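Subject: A structure for you to explore

Hi there,

Here is the structure I promised to pass on. Have a look around it first, and then read my notes below.

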Amino acid sequence: ASKWGKDQDKDSGAWYEEVACPYYVFKDAGLSVVIASPLGGPIPIDAGSKADAFMTDYTRKFDADADALAVLNSSTKLSDVDAATFDAVYLAGGHATYTDFPDNKELIAIVETLYNAGKVVAADCHGPVGLVNCKKADGTPLVSGLNVTGFLDTEEQAVGLDPVKCDVLPFSLQQKFTELGGNFQAGADWSSNAVSAGKLITGQNPQSSEQVAQAMLTALAK
């Protein structure tokens, strides 16, 4: 989505680093990568993530990669994804995930199909909002009883959002995971923090994208 917030009046999109870094980590490891989105077609990128302060070697490489940009602009529609043919799914973040991840039936089905088949499910930063309505095979919340992480309340506050009032945020990811029975593992603000719980891997923030991707490679090798 390109808009988010309770009033759907805030600009956003996918966070560039969280798309670009794992894309190259996976490609460099010889994996076949499919970029998918709820609507298919071009994926909006949060303009803030393209500011100089947030650009990385991975995003600059992606910017100069015609093939990668073509894939980003012609993403596969989630409803056309056959989860049974994949070994892993990774959910990139960006505040826009609040708009089209939590209640997306196709995304929930993909995550549940892979996780319940013992395959790898990963999400970084705000990508984990796509896990809040997912269930294990026994019907309990996917994150229940598992070590998880995601964008912290203190990090939301640092970017001017109130995770208590939730006047813009639909909900606090940190509080939601705790309510669902997850063992929330908070690292230092803006530091890399990837948490593995078997085949479920979650990352805290944009700084965690490479650690999440590498943890996925480790899990895939098991």
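Let's start with a pocket: the second largest pocket holds about 280 Å³ of space. A pocket here is an open set of points on a 1 Å grid over the protein atoms alone, where a 1.4 Å probe fits, with protein on both sides within 12 Å along at least five of seven lines. Points are joined across faces, edges and corners, and the volume is the space filled by probe spheres set on them.

Before going further, please note that this is a predicted model, where local features need pLDDT of at least 70, side-chain atom pairs count only at pLDDT 80 or more, and totals for chains, interfaces and linings use all residues. Residues are numbered from 1 along each chain as its sequence is written, and side-chain values use heavy atoms, with hydrogens and water left out.

Which residues lie nearest the centre of the second largest pocket? They are W15, H95, H126, F151 and V159, out of 18 lining residues (a lining residue has an atom within 4 Å of a point).

Is H126 buried or exposed? H126 counts as buried because its relative accessibility is 2% (buried is under 20%, exposed over 50%, partly exposed in between, with a 1.4 Å probe and protein chains only). Leaving aside neighbours within four places in sequence, the contacts of H126 include H95, F151 and E156 (contact means heavy atoms within 4.5 Å).

A47 belongs to the loop between strand 3 (36–37) and helix 2 (57–63).

Now for the largest pocket, with about 1000 Å³ of space. Of its 42 lining residues, V34, I35, A36, V89 and Y90 are the closest to the centre. Helix 1 supplies the largest share of that lining, 5 residues.

Finally, there is an open sheet of 4 strands in the order 5-6-10-9, with mixed pairing (two strands pair if DSSP finds at least two bridges between them). Its edge strands are strand 5 (88–91) and strand 9 (194–197). Strand 6 and strand 10 run parallel, joined by 4 bridges, and D124 stands opposite G203 in strand 10.

Enjoy exploring!

Methods:
Helices (H or I, at least four residues) and strands (E, at least two) are DSSP runs, numbered from the N terminus.
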